[in-house]
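Biologist: I would like to go through the labels used for this model and see what stands behind each of them. Please give the criterion along with the value.

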Amino acid sequence: MIHENPDWYPPFAAAFEAEGVDHEPWLLGRGVLDLDDEPPRGVYWSRMSASAHTRGNELAKDHTRSVLSWLEAHGRRVVGGRRVLELEMSKVDQLTALRAAGIEVPRTLAVVGREALLEAAATLPTPFISKHNQGGKGLGVALFESVAALAEHLADPRYQPPVDGITLLQEYLRAAEPRITRVEIVGGEVVYALTADTARGGFELCPADACAIDGGPSAPGLFALREDFDHPVLRQYLDFARRQGIEVAGFEFIETTDGRLVTYDINTNTNYNAEVEAAAPRSGPRQVARLLKRLIEEEAAR
């Protein structure tokens with residue numbers, strides 16, 4: 001398992017062991033990659049996160065790009081390969097791909113650098129949202145009631161620019177209920193949908209227990225299973241995932257006051273909440289373990 005955050009590993013290790021899957025963590029962010037070596041046989045699962053830089057792992061992204069290119073060049077079976085990594089790292093990449101697939105996304109301006117931010121913001125209705133193109137956990141997301149408020153934010157010494165220099169300015173989606181929904185997909189199947197309470201959680205809505213270690217919300221009841229959710233968007237997500245080579249992901253959307261269902265994020269390193277898992281008909285990590293076990297068996301039979 002290729003990753004950069006040991007705090008996220010235990011739930012998956014437990015699922016692997018329960019399903020009898022041999023596993024080994026590969027922590028990226030430093031080290032040597034000998035391009036003349038041949039990768040060991042096996043199945044590789046990349047869980048590199050767009051928020052790695054917020055944990056001091058600034059080099060993990062490009063380290064992963066190098067490793068995945070090396071693995072794929074040698075024909076190794078990779079879950080979450082190079083294309084999927086690029087989707088994880090760029091909301092622009094996500095939104096343009098979703099829009100091309102006919103899935104509704106927020107009205108968005110991608111602004112490179114700081115100089116054009118205020119001018120671009122003036123073209124949007126207020127209020128509006130800003131967020132980092134490479135984000136994670138909702139960090140860096142802010143709501144502004146005016147361009148002047150954005151200008152004040154940018155002038156604040158505590159302002160942190162996006163790590164890749166790209167800021168997204170988006171329409172503010174007014175939710176019919178104070179929640180977002182995440183649809184968890186593994187191996188071409190919907191595992192379940194969960195909701196997150198935006199009235200209490202705001203924009204920082206990472207569901208993993210380990211996010212509490214990173215300073216994220218951990219209040220009981222913030223996340224809940226969305227039972228019996230059935231909507232045509234599920235088929236769109238499954239089709240999109242298949243076309244993009246995504247095998248493990250969480251798709252997030254908001255249902256608006258004017259009746260729209262708007263998808264705004266794809267998490268290809270999706271985490272699973274213990275409370276939701278306890279109520280869900282199937283376990284996300286166990287489904288991942290079963291997928292990887294099947295792939296390992298297929299590779300062994302080749």
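**Labels and their criteria**

Modeller: Glu 88 lies in helix α3, residues 82-89; helices are DSSP runs of H or I with at least four residues and strands are runs of E with at least two, numbered from the N terminus. The model is predicted, so local features need pLDDT of at least 70 and side-chain atom pairs count only at pLDDT 80 or more, whereas totals for chains, interfaces and linings use all residues. Residues are numbered from 1 along each chain as its sequence is written, and side-chain values use heavy atoms, leaving out hydrogens and water.

Biologist: Why does Glu 88 count as buried?

Modeller: Its relative accessibility is 7%. Buried means under 20% relative accessible area, exposed over 50% and partly exposed in between, with a 1.4 Å probe and protein chains only. Glu 88 is therefore in the buried class.

Biologist: Which residues is Glu 88 in contact with, leaving aside its neighbours within four places in sequence?

Modeller: They are Met 48, Ser 49, Ala 50, Gln 94, Ile 266, Asn 267, Thr 268 and Asn 269, where contact means heavy atoms within 4.5 Å.

Biologist: What makes α3 and α4 roughly perpendicular to each other?

Modeller: Their axes cross at roughly 105° and come within 5 Å. Axes are lines fitted to C-alpha atoms, for helices over the stretch in contact, and angles run from 0 to 180 degrees between N-to-C directions. Angles under 35 degrees count as roughly parallel, over 145 as roughly antiparallel, 65 to 115 as roughly perpendicular and the rest as oblique. The pair α3 and α4 is therefore roughly perpendicular. Arg 83, Glu 86, Leu 87, Glu 88 and Met 89 of α3 make this contact with Lys 91, Asp 93, Gln 94 and Ala 97 of α4. By class, there are three nonpolar, one polar and five charged residues; Ala, Val, Leu, Ile, Met, Phe, Trp, Tyr, Cys and Pro count as nonpolar, Asp, Glu, Lys and Arg as charged, and the others, Gly among them, as polar.

Biologist: And why are α1 and α10 called oblique to each other?

Modeller: The axes of α1 (residues 9-18) and α10 (residues 284-301) come within 8 Å and cross at roughly 55°. That angle makes the two helices oblique. Pro 11, Phe 12, Ala 15, Phe 16 and Ala 18 in α1 meet Pro 285, Arg 286, Ala 289 and Leu 292 in α10. The contact of α1 with α10 has eight nonpolar residues, no polar ones and one charged.

Biologist: How do you know that strand β6 is largely enclosed by the rest of the structure?

Modeller: Strand β6 covers residues 128-132, and five of the five are buried, so the strand is largely enclosed. Phe 128, Ser 130 and His 132 point one way and Ile 129 and Lys 131 the other, and all are buried. In a regular strand the side chains alternate between the two faces of the sheet.

Biologist: Which sheet does this belong to, and in what order do its strands come?

Modeller: The sheet is open, has four strands in the order β5-β8-β6-β7, and its pairing is antiparallel; two strands pair if DSSP finds at least two bridges between them. β6 has three bridges with β7 (residues 142-144) and five with β8 (residues 166-171). Ser 130 has Ala 142 as its bridge partner in β7 and Leu 169 in β8.

Biologist: Why is one side of β5 and of β7 left without a neighbour in the sheet?

Modeller: β5 (108-112) and β7 stand at the edges and each has a single partner strand, so one side of each has no neighbour in the sheet. From one strand to the next the twist averages 25°. Helix α4 (residues 91-100) packs on this sheet, touching β5, β6 and β8, and its direction makes about 45° with that of β8. Helix α6 (residues 147-155) lies across β6, β7 and β8 and runs at about 135° to β7.

Biologist: What makes Asp 228 exposed?

Modeller: Asp 228 has a relative accessible area of 79%, so the exposed class applies. Asp 228 lies in the loop between β11 and α8 (232-244). Although not a glycine, Asp 228 has a positive phi of about 55°.
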